[in-house]
Every structure is written in structure tokens, then in C-alpha cells.
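Take a moment to turn the model around on your screen before reading on.

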Protein chains: 2
Amino acid sequence: MHIDVERVHIDLAERGYDILIGAGLLDRADTYRDLPAGASAVIVTNEIVAPLFAARLQAALANRFANVRLIVLPDGEAHKAWPTLNTIFDALLAAGCDRKTVLFALGGGVVGDMTGFAAACYMRGVPYVQVPTTLLAQVDSSVGGKTAINHPRGKNMIGVFNQPLRVVADLDTLDTLPQRELIAGLAEVIKYGPVADDGFLGWIEANLEALKARDKAALAHAIKRSCEIKAWVVARDERENDLRAILNFGHTFGHAIETGLGYGVWLHGEGVGCGMVMAADLSARLGLIDAAYAQRIRSVVERAGLPVVGPALGVSRYLELMRLDKKALAGEIRFVVIEAPGRAGLRRAPDALVAKVLEAHTG
Amino acid sequence: MHIDVERVHIDLAERGYDILIGAGLLDRADTYRDLPAGASAVIVTNEIVAPLFAARLQAALANRFANVRLIVLPDGEAHKAWPTLNTIFDALLAAGCDRKTVLFALGGGVVGDMTGFAAACYMRGVPYVQVPTTLLAQVDSSVGGKTAINHPRGKNMIGVFNQPLRVVADLDTLDTLPQRELIAGLAEVIKYGPVADDGFLGWIEANLEALKARDKAALAHAIKRSCEIKAWVVARDERENDLRAILNFGHTFGHAIETGLGYGVWLHGEGVGCGMVMAADLSARLGLIDAAYAQRIRSVVERAGLPVVGPALGVSRYLELMRLDKKALAGEIRFVVIEAPGRAGLRRAPDALVAKVLEAHTG
């Protein structure tokens with residue numbers, strides 16, 4: 001079956017760029033043809049992804065760059081921290097890379113977030129390209145320019161907004177993705193439905209088995225529609241003044257789970273999946289949606305194979321972790337809630353109500 | 001004697017801001033009146049500056065912010081590195097600071113560079129204000145948005161462009177500045193003459209004794225004219241594509257001295273002073289200016305009390321360090337040279353010629 005190359009544009013004036021979505025893009029020379037010229041390209045990847053795709057990307061880039069170097073990071077969310085970021089700087093400096101060097105983030109969200117942050121900071125900024133190889137990165141983290149490392153006190157606390165030159169989402173890279181990671185990526189796909197497009201939620205419900213079975217046409221549609229919604233939001237609110245926050249549906253609860261358990265115990269998408277169940281229930285308890293819609297969200301999360309019951313960290317620990325969420329203001333947590341099917345907003349909620357949600361969905 | 005408040009605007013559209021220059025600005029409530037409202041302000045300073053000015057700034061800010069916290073860093077260029085930057089993040093997170101928190105950099109270039117970088121990265125960006133208390137920071141480092149930390153392999157290698165909301169240059173803070181630091185600041189004042197305004201160089205030559213004696217009117221003029229020149233350049237080339245590089249006259253040699261000796265052995269301004277002597281000589285050897293103009297630059301640097309002979313690191317070590325300069329491209333060093341009195345540009349130079357310059361001015 002042939003999948004055309006799809007192109008979604010992120011309209012941010014001089015920082016605007018395209019997301020390319022298609023099968024086999026990684027190897028095609030024309031994927032990289034109009035990137036700025038420079039002496040050096042550096043592929044940043046991890047120990048799992050490197051043996052799968054690094055040589056192919058290196059070969060494709062050799063047409064454009066005199067030197068194509070490779071930096072291999074350890075794998076996993078636990079390494080999304082300063083010591084790992086600094087190994088990128090060390091390697092760039094040891095290789096004498098100048099400020100026209102182009103970085104390529106080859107991997108999932110952790111690699112993308114750290115490479116984008118490193119690109120922002122190396123010599124006060126070098127360009128970079130996202131080459132996401134996980135579903136989660138293709139539908140969410142590689143798009144929109146959020147970069148960060150974690151801090152022991154909170155996820156993604158240290159970072160910058162730094163848009164890439166391009167996103168290259170090669171569907172074929174999903175072939176080797178472990179099933180647990182594919183399912184974690186589905187959490188971010190599901191997210192786009194309740195917050196922005198109830199019709200898309202219906203499509204996901206109808207195609208969930210095909211997505212889990214990695215049907216290429218289903219994946220291509222899910223990725224394209226996810227990127228379209230994200231592009232629309234990011235173009236209107238690049239630096240998350242408010243609107244963009246809706247893309248964090250489920251993330252306030254989810255980040256608390258991730259940080260509370262220690263990074264890497266649950267995958268990010270697993271935290272988001274369970275967090276959406278909690279946030280949907282909170283929306284219902286706030287009287288914004290009826291219980292049936294919250295149940296519909298819970299049901300698609302569960303059918304995807306994602307966790308719907310959070311770890312028993314205790315209500316007070318959850319609240320403490322969530323007060324440090326980046327959306328919080330003056331110590332008050334602001335939750336992304338569903339205001340109506342396909343529409344989200346930011347709301348405060350009484351601690352007592354949040355406690356009820358946590359008691360109902362942890363254990 | 002009464003010194004009026006001078007205002008120099010940095011024209012960067014929505015990122016534009018004012019530099020306020022005057023005596024006693026630190027304490028005046030109206031210095032801070034139209035800053036964005038937020039629950040928290042955090043003053044970042046160091047152990048030397050804190051006892052001098054922190055309480056006064058804290059009192060002035062208490063009118064506008066419900067909480068005004070203080071973070072005190074160790075003093076010195078040797079601490080302009082990740083561990084110190086991370087103490088800022090730790091303190092902000094421990095205090096539950098949200099992303100409307102405003103940071104105030106109270107101190108010299110090291111405090112300003114680290115606070116600006118921390119502001120760029122904390123929760124992907126909080127606003128900050130520069131309150132420079134050294135001459136070097138008031139005429140140069142607090143203006144223009146360059147922020148960074150050092151890396152063992154090179155100065156200012158890790159950082160971002162991040163413009164402050166305002167620069168508050170209170171002349172009275174210079175009263176307590178050690179003479180060695182005042183003189184180091186004069187290096188950056190002198191710099192603006194040969195690169196942009198030969199008439200200003202003449203004014204500096206005529207007023208050098210007054211500046212060294214901290215005559216307030218002379219300092220006020222030197223700071224204002226320096227900021228005007230910097231504002232003009234930064235407005236035309238915020239991210240240093242080329243024009244802005246002229247402000248790094250003397251810095252390629254100077255950074256090599258600083259990095260080669262270990263951070264903090266020479267002050268930054270001392271490295272720049274000696275580096276200008278070298279870069280002026282290189283300009284003469286390239287046939288761009290006559291030897292008399294290079295000698296004139298050497299003479300004003302020497303009269304200021306700055307070093308004019310660099311440490312004997314060896315030619316090859318100097319070249320190695322300079323090849324990692326951020327202006328270098330593909331391993332070729334680009335020097336800021338004087339093309340004519342009051343005009344600078346970027347040039348490559350043969351290693352053999354640079355070696356002659358180094359042999360003549362080190363020992």
C-alpha cells in the first residue's frame with residue numbers, strides 16, 4: 001500500500017515549519033534538501049534507536065553535510081536531566097562544532113526534548129530538525145517547540161520554547177516500536193478528541209484496533225489529524241499563554257504520577273492516559289460534562305490498553321506535586337477540563353473535589 | 001551634583017526595553033512601577049553584593065510584589081557554571097515560584113548572565129530585570145540579552161538570547177566597586193570607540209582620569225554613550241548574525257586568556273583590554289589601520305590600568321582555544337578587526353600572522 005507524503009504547516013511566521021508525514025522519509029535525500037547548508041550535522045539519538053536508524057539517517061545526510069556525527073545518549077525518561085544534556089555539549093565542543101551546525105533529534109520524546117533544548121543553548125542557538133521515531137513523538141512532543149529537561153521536583157521544569165526547522169515523521173520507524181510504547185503514544189492521540197475535535201474521538205473509537213495493530217493508513221490519519229490540531233493551537237498560542245494549555249489535558253495528574261513514582265516507572269503516555277480519566281471525572285464533577293462523556297473517555301483509554309487507575313501516592317502528595325505544575329499560579333492548580341465534547345478550558349477546582357477524584361481513581 | 005535619569009531604548013519591537021541610567025534609581029519605587037504584576041519577585045545576587053544593596057532593592061520591590069525572595073550565589077567567574085545555575089532552579093522550585101515570577105539580577109556580569117539564562121529556562125521562561133552594579137555590567141553585559149554559563153572548554157558556550165524587561169543602572173552602586181573592577185569595566189567602555197565612534201575614543205582619552213576617579217558626570221556620559229552604541233547595534237542584529245560581532249572586539253584573544261588561565265584568574269575586562277591590544281595590532285598587520293592607531297589603542301588601555309601583555313600560554317594553545325570561539329566557522333577563527341578609526345569588521349587571518357601578534361604581546 002502506498003502512503004503519500006503529507007505536509008502539515010506550523011504557521012509561526014519566520015519560525016514556521018513543516019511536518020512531513022510518510023513512509024520511508026528517513027532515507028530520502030529530498031527530505032533534507034532545502035535545509036540550511038553547514039559543514040556539520042550531528043545526529044543525537046539513544047542506545048536503542050541508534051542501531052535501528054542512525055546509519056540510514058547518516059547516509060541520507062551525507063549528501064548535504066561534510067561531517068555527520070553521532071551522539072548516543074542513554075535511553076529513558078530517567079536520563080532527561082542535566083548530566084545527559086551536558087554530554088551533548090561536551091561532544092559538540094570536543095568535535096569543534098560551530099554555530100552553523102545542524103542537530104537532528106532521532107528518537108522519541110526524551111531525545112527530542114533534550115536535543116531541542118541543547119540546540120537552543122549551544123553557542124546561544126543552532127538549528128535543529130526533529131526526526132521522531134515513536135508514535136508519541138510523532139503526534140505530540142516533536143511538534144510545537146517545547147523542549148525541556150526534568151528536575152527532581154517536577155517534570156519539564158527547565159527548558160525553553162525552540163521551534164525546529166522541520167519535523168520528519170517516518171511511519172516505517174513505528175514498525176520496531178515496542179507495543180507498550182505504541183499504546184503510550186495512543187494516549188496523546190486520544191487527547192486531541194475531547195479537547196478539540198469530538199468527531200476525531202469517534203474516529204479513534206472506530207479505529208482503535210487498527211491503530212493497535214499498526215495499520216499504516218490508520219496511523220497515517222491519526223498522526224496527520226493530531227498534527228493538524230496541534231498546529232492550529234500552537235500557531236495561535238506559541239508560548240502557552242492559555243489556549244495551548246488545553247493540549248495538556250490529563251498532564252497535570254499524569255505528571256504528578258510520573259514525578260511521584262520516579263521518572264521512567266510509568267511511561268509519559270501512561271501517565272497521560274490515566275490523567276485523562278481523572279481530568280474527565282473532574283470535569284463531570286464540576287458539572288461541565290455529563291458522567292456518560294467522562295465514562296466514554298475512560299472507556300477509550302482502557303480499550304487502548306492504558307492504565308485507568310493511578311498509583312496510591314496519597315491525596316496530599318498528589319496535591320503537593322500538582323501545585324508545582326507550570327499551569328499553577330500563586331499556588332493554585334489550574335486543571336485542563338472538558339467544557340463540552342471537543343472543547344477544553346482551564347479551571348481551578350476545590351481541593352476537596354480533587355481529592356474525591358483521586359480517591360475514585362487511585363488504589 | 002544632580003544627575004538626571006537618562007533613558008536609552010533598545011528597539012526590538014515587542015521585545016524592546018529601556019535602560020535607565022541615574023543616581024539613586026535602585027530605591028525609587030517609580031523605577032519598577034510599570035513592570036508586569038506578579039505574586040513573586042526573586043532577587044538573584046551574590047555574597048558580595050547582597051549585603052550592599054539587597055535589602056534596599058527588596059524594600060523597593062515590596063510595593064509591587066507580595067513576596068520578594070532572595071537567592072545569594074557565590075561570587076566570581078569560576079561559579080558561572082551549571083551547579084550554580086541549578087541552585088537558582090532549586091530555590092525557585094522549593095519556593096513554589098510560578099511562571100509569572102519576575103527575577104531581578106542584582107550584581108555584575110556573572111549574576112546577570114546566569115539570572116538571564118535561568119529566567120529563559122525556568123518553566124520555559126519567566127521575565128527578568130537587570131540591575132547591574134558594576135561598570136562592566138552597566139555598559140555592556142546587562143544590555144542586549146546575551147546570557148550564558150561557561151564550559152570548561154570555552155567561555156559563554158552554553159546560553160541563549162533572552163532580553164530583559166528593563167535595565168536599571170544606578171550610578172551610586174559604583175561607589176563601592178573595587179578599583180580593579182572599575183578598571184576592568186573601562187575596557188568595555190574603551191571598546192566602543194574604535195569599533196563605532198572615534199570621537200568617543202577621543203572623549204575617553206580626555207576623561208580617563210575623571211573616569212578612574214569615579215567622577216559621576218563622566219561615568220554617566222560614558223555609560224549612556226556606551227549603551228547608545230550597543231542599543232544601535234543590537235537593534236540591527238539581535239542574534240549576532242554578523243554586525244553585532246563587532247562588539248566582541250578584543251574578546252577572541254581575551255576569552256582565550258580567560259579560559260586558558262582558568263576562569264577568574266583575570267577579570268573579563270582585563271582579558272578584553274589585553275585582547276584589544278592584540279586585535280589592534282592584528283588589524284595593523286593586516287594593513288587595515290596604521291601602526292599609530294594600534295598604538296593609540298594600546299596606550300589608552302595601558303593608561304586605564306589594564307594589562308597589555310598576555311600570559312605565556314604558547315601560540316598553539318591560544319590558537320586551539322580561539323578555534324572554539326563562537327565566531328569561528330568550520331574551524332576558521334574570525335577576528336573582530338578595526339577597519340578604520342571608529343569602524344570594525346570580521347576577518348580571517350593566517351595563523352602565522354596571528355602567531356606574530358601573540359609573540360609580540362605575550363610573555
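Setting aside neighbours within four places in sequence, Thr362(A) is in contact with Val309(A), Gly310(A), Pro311(A) and Ala312(A). You will find Thr362(A) in the segment after helix H12 (351-361) of chain A. Keep in mind as you look that this is a predicted model. Is Thr362(A) buried, exposed or partly exposed? Thr362(A) counts as partly exposed, because 18 C-beta neighbours lie inside 10 Å, and a residue needs 20 or more to be called buried. The chain also brings Thr362(A) and Met278(A), 84 residues apart in sequence, to a C-alpha to C-alpha separation of 9.3 Å.

Now look at Phe53(A), which is found in helix H1 (residues 50-61) of chain A. Phe53(A) has 21 other C-beta atoms within 10 Å, so this residue is buried. Not counting residues up to four places away in sequence, Phe53(A) touches Leu26(A), Leu106(A), Thr133(A) and Thr173(A).

Thr84(A) belongs to helix H2 (residues 82-94) of chain A. With 19 other C-beta atoms within 10 Å, Thr84(A) is partly exposed. Leaving out neighbours within four places in sequence, its contacts are Leu73(A), Pro74(A), His79(A) and Met114(A).

| Pair | Apart in sequence | C-alpha to C-alpha |
|---|---|---|
| Thr362(A) and Met278(A) | 84 residues | 9.3 Å |
| Phe53(A) and Leu26(A) | 27 residues | 8.4 Å |
| Thr84(A) and Met114(A) | 30 residues | 8.4 Å |

Just after H3(A) comes Met123(A), with a positive phi of about 50 degrees.

Helix H8 (residues 251-261) of chain A is mostly covered, with 9 of its 11 residues buried. Among them are His251(A), Phe253(A), Ala256(A), Ile257(A) and Glu258(A). What provides the cover for the buried residues of H8(A)? It includes strand S8 (154-161), helix H9 (268-285), helix H11 (315-323) and strand S10 (335-340) of chain A. Gly262(A) follows H8(A) and has a positive phi, near 100 degrees.

**Positive phi away from glycine**

Glu240(A) sits in the loop between helix H7 (216-236) and H8 of chain A. Its phi is near 55 degrees, a positive value in a residue other than glycine. Glu240(A) counts as buried because it has 22 C-beta neighbours inside 10 Å.

Asn156(B) has its place in strand S8 of chain B. With 21 C-beta neighbours inside 10 Å, Asn156(B) counts as buried.

**A pair of helices in chain B**

Two packed helices are described by the angle between their axes and the distance between the axes. For helix H6 (residues 198-212) and helix H7 (residues 216-236) of chain B, the angle is about 145 degrees and the axes are 10 Å apart. The crossing of H6(B) and H7(B) is left-handed. From H6(B), Phe200(B), Asn207(B), Ala210(B) and Leu211(B) meet Ala218(B), Leu219(B), Ala222(B) and Arg225(B) of H7(B). Sorted by class, this contact has 6 nonpolar, 1 polar and 1 charged residues.

**Where the two chains meet**

How many residues of chain B are in contact with chain A? There are 32 of them, in contact with 32 residues of chain A. On the chain B side, the elements giving two or more residues are helix H2 (82-94), helix H3 (109-121), strand S7 (146-151) and strand S8 (154-161). S8(B) gives the most, with 6 residues. By class, this side has 17 nonpolar, 7 polar and 8 charged residues.

Finally, a rotation of 180 degrees with 0.0 Å of shift along its axis superposes chain B on chain A, with an RMSD of 0.0 Å. That is the relation of a two-fold axis. Of the residues of chain B, Trp82(B) comes closest to the rotation axis, its C-alpha lying at 4.2 Å. The same surface serves both copies, as 100% of the contact residues of chain B recur in chain A.

Definitions and conventions
Residues are numbered from 1 along each chain as its sequence is written. Chains are lettered from A and ligands numbered from 1 in the order in which they are written. This is a predicted model: local features need pLDDT of at least 70, side-chain atom pairs count only at pLDDT 80 or more; totals for chains, interfaces and linings use all residues. Helices (H or I, at least four residues) and strands (E, at least two) are DSSP runs, numbered from the N terminus. Axes are lines fitted to C-alpha atoms, for helices over the stretch in contact, and angles run from 0 to 180 degrees between N-to-C directions. A crossing is left-handed if the near helix is turned anticlockwise from the far one by less than a right angle, and right-handed if clockwise. Two residues are in contact if their C-beta atoms, placed from the backbone, lie within 7 Å. Ala, Val, Leu, Ile, Met, Phe, Trp, Tyr, Cys and Pro count as nonpolar, Asp, Glu, Lys and Arg as charged, and the others, Gly among them, as polar. A residue is buried if 20 or more other C-beta atoms lie within 10 Å of its own, exposed if 12 or fewer, and partly exposed in between; C-beta atoms are placed from the backbone. Copies are superposed by least squares on the C-alpha atoms of residues with pLDDT of at least 70 in both.
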